Amino acid sequence: MQVGLIVVPGCFDSGLAVLLDALRTGEGLRREVDRAIAPIAVRTIGTDSAVPTGGGLTLAPDHVVGDDEALAGLDVLVIPGLGVATPGALAETLASAPLRRLLHWLAVADRPPALAAACTGTFLAAETGALDGRAATTTWWLAAEFRRRFPAVELEMTRMVVESGPVTTAGAALAHVDLAMSLLARTSPPLAEAVARYLLVDRRPALSLDAAVSHLAAADPIVSEFEGWARDHLEEEVTVADAARAIGTTRRTLERRCRARTGLTPHQLVTRLRIERATHLRRTTDLSHDQIAPLVGYRSGASLRRVMRAQPDRRRNYVIGP
């Protein structure tokens with residue numbers, strides 16, 4: 001897999017570093033996982049020969065915008081977060097000379113077959129027109145601005161990573177982890193799992209472990225199908241047996257595969273998905289807990305609040321074994 005990382009002035013240092021570290025770790029581990037996995041090569045493409053990051057560092061990219069060789073042979077072009085936090089700052093960045101030059105270059109150049117972006121980088125991806133008519137996600141605090149600017153894009157705010165044809169988008173700043181895992185899983189699910197173990201999974205409690213769960217699930221088609229089915233039925237009173245029948249497997253197989261891939265029972269995974277959606281609705285709408293509760297399968301706001309309060313303690317059990 002040949003990956004190009006776009007580097008723009010003021011970009012999120014963490015987003016860029018996470019993508020570089022995860023992909024290069026994947027290259028370092030691939031021979032141990034399976035020698036048949038194709039090499040992973042990463043090149044940086046900057047808007048200038050020296051690009052200042054949001055944290056004040058300076059990156060000398062491998063290629064500069066306008067370089068005919070920069071996009072040659074790439075499988076996917078990735079746009080990390082732009083390093084802004086408000087609609088005003090975002091508009092200013094998108095209108096800046098370096099980004100307009102980048103967009104013009106992408107419009108006339110032969111682009112890679114796939115595009116990926118995370119956080120505010122999704123706005124730059126949308127500016128290219130590649131997201132028109134497709135589903136995409138973005139950072140939660142700028143969802144309304146995204147809808148306003150890009151009405152031709154079907155915004156999906158219930159998932160952290162959205163794949164729509166050749167375009168992959170991920171949510172807020174720390175979703176760069178999710179995006180990196182998604183790219184690795186596209187190359188080899190076992191390799192994505194190995195990188196997750198190496199970088200993310202520890203027997204000590206850590207919030208970052210949640211970032212790996214969805215992508216380890218994606219490495220198993222049964223667990224991935226179960227997660228998709230569960231997301232479509234969060235407001236209903238679902239059972240594991242119902243879910244197993246719906247996706248064409250047995251309850252025992254579903255429970256075994258779910259535990260093996262995510263460290264969670266099917267019931268725990270559904271609970272996590274419900275809390276994820278409830279949290280998103282609380283942050284992005286004016287709905288109360290009582291109004292949100294029936295939308296995510298709970299009878300009252302009080303029940304929902306109890307589950308949400310208990311959720312951090314459950315993370316202590318999110319251990320993905322070898």
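Is Asp242 buried, exposed or partly exposed? Asp242 is partly exposed, because its relative accessible area is 31% and the partly exposed class lies between buried, under 20% relative accessible area, and exposed, over 50% (1.4 Å probe, protein chains only). Welcome to a short tour of a predicted model, in which local features need pLDDT of at least 70, side-chain atom pairs count only at pLDDT 80 or more, and totals for chains, interfaces and linings use all residues. Residues are numbered from 1 along each chain as its sequence is written, and side-chain values use heavy atoms, with hydrogens and water left out.

**Confidence**

- The mean pLDDT of the protein is 83, and 89% of its residues reach 70 or more; pLDDT is the predictor's confidence in each residue, from 0 to 100.
- Residues 201–213 have pLDDT below 50, and beyond near neighbours in sequence this stretch has 23 contacts in the model, a contact being heavy atoms within 4.5 Å.
- For residues 312–322 the pLDDT is also below 50, with 23 contacts in the model beyond near neighbours in sequence.
- Where pLDDT is low, the predicted coordinates should not be read in detail.

**Salt bridges**

- Searching the whole structure gives eight salt bridges, each defined as a side-chain nitrogen of Lys or Arg within 4 Å of a carboxyl oxygen of Asp or Glu.
- Asp242 pairs with Arg245 in one of them, the closest N and O atoms being 2.5 Å apart.
- Asp242 and Arg245 are three residues apart in helix α10, so about one helical turn separates them; Arg245 is exposed, with a relative accessible area of 59%.
- Helices here are DSSP runs (H or I, at least four residues), numbered from the N terminus.
- Arg148 and Glu145 form a salt bridge at 2.8 Å, N to O, and both belong to helix α5 (residues 143–149), three residues apart.
- Arg148 is exposed at 59% relative accessible area, whereas Glu145 counts as buried at 14% relative accessibility.
- Arg100 and Glu127 also form a salt bridge, with their closest N and O atoms 3.9 Å apart.
- That pair links distant parts of the chain, Arg100 in helix α3 (residues 97–108) and Glu127 in helix α4 (residues 121–127), 27 residues apart.
- Arg100 is partly exposed at 40% relative accessible area, and Glu127 counts as partly exposed at 25% relative accessibility.
- A network of salt bridges links Glu27, Arg30 and Arg31.

- Helix α9 (residues 221–232) has 12 residues and reaches 17 Å from its first C-alpha to its last, close to the 16 Å expected at 1.5 Å a residue; the expected span is 1.5 Å times one less than the number of residues.
- Among the buried residues of α9 are Ile222, Val223, Phe226 and Trp229.
- Leu234 lies in the loop between α9 and α10 (240–246) and counts as buried because its relative accessibility is 1%.
- Leu234 touches Val270, Leu273, Arg274, Arg277, Leu295, Val296 and Gly297, not counting residues up to four places away in sequence.
- From Leu234 to Arg277 is 43 residues in sequence and 8.9 Å in space, C-alpha to C-alpha.

**Aromatic rings**

- The whole structure holds three aromatic pairs, where rings of Phe, Tyr and Trp (its six-membered ring) pair if their centres lie within 6.5 Å, with planes under 30 degrees apart counted as stacked, over 60 as edge-to-face and the rest as tilted.
- One aromatic cluster is formed by Phe123, Phe146 and Phe150.
- Arg274 lies over the face of Tyr298, at 5.7 Å from the ring centre; a charge sits over a ring if NZ of Lys or CZ of Arg is within 6 Å of the ring centre and within 35 degrees of the ring normal.

Note on methods
Helices (H or I, at least four residues) and strands (E, at least two) are DSSP runs, numbered from the N terminus.
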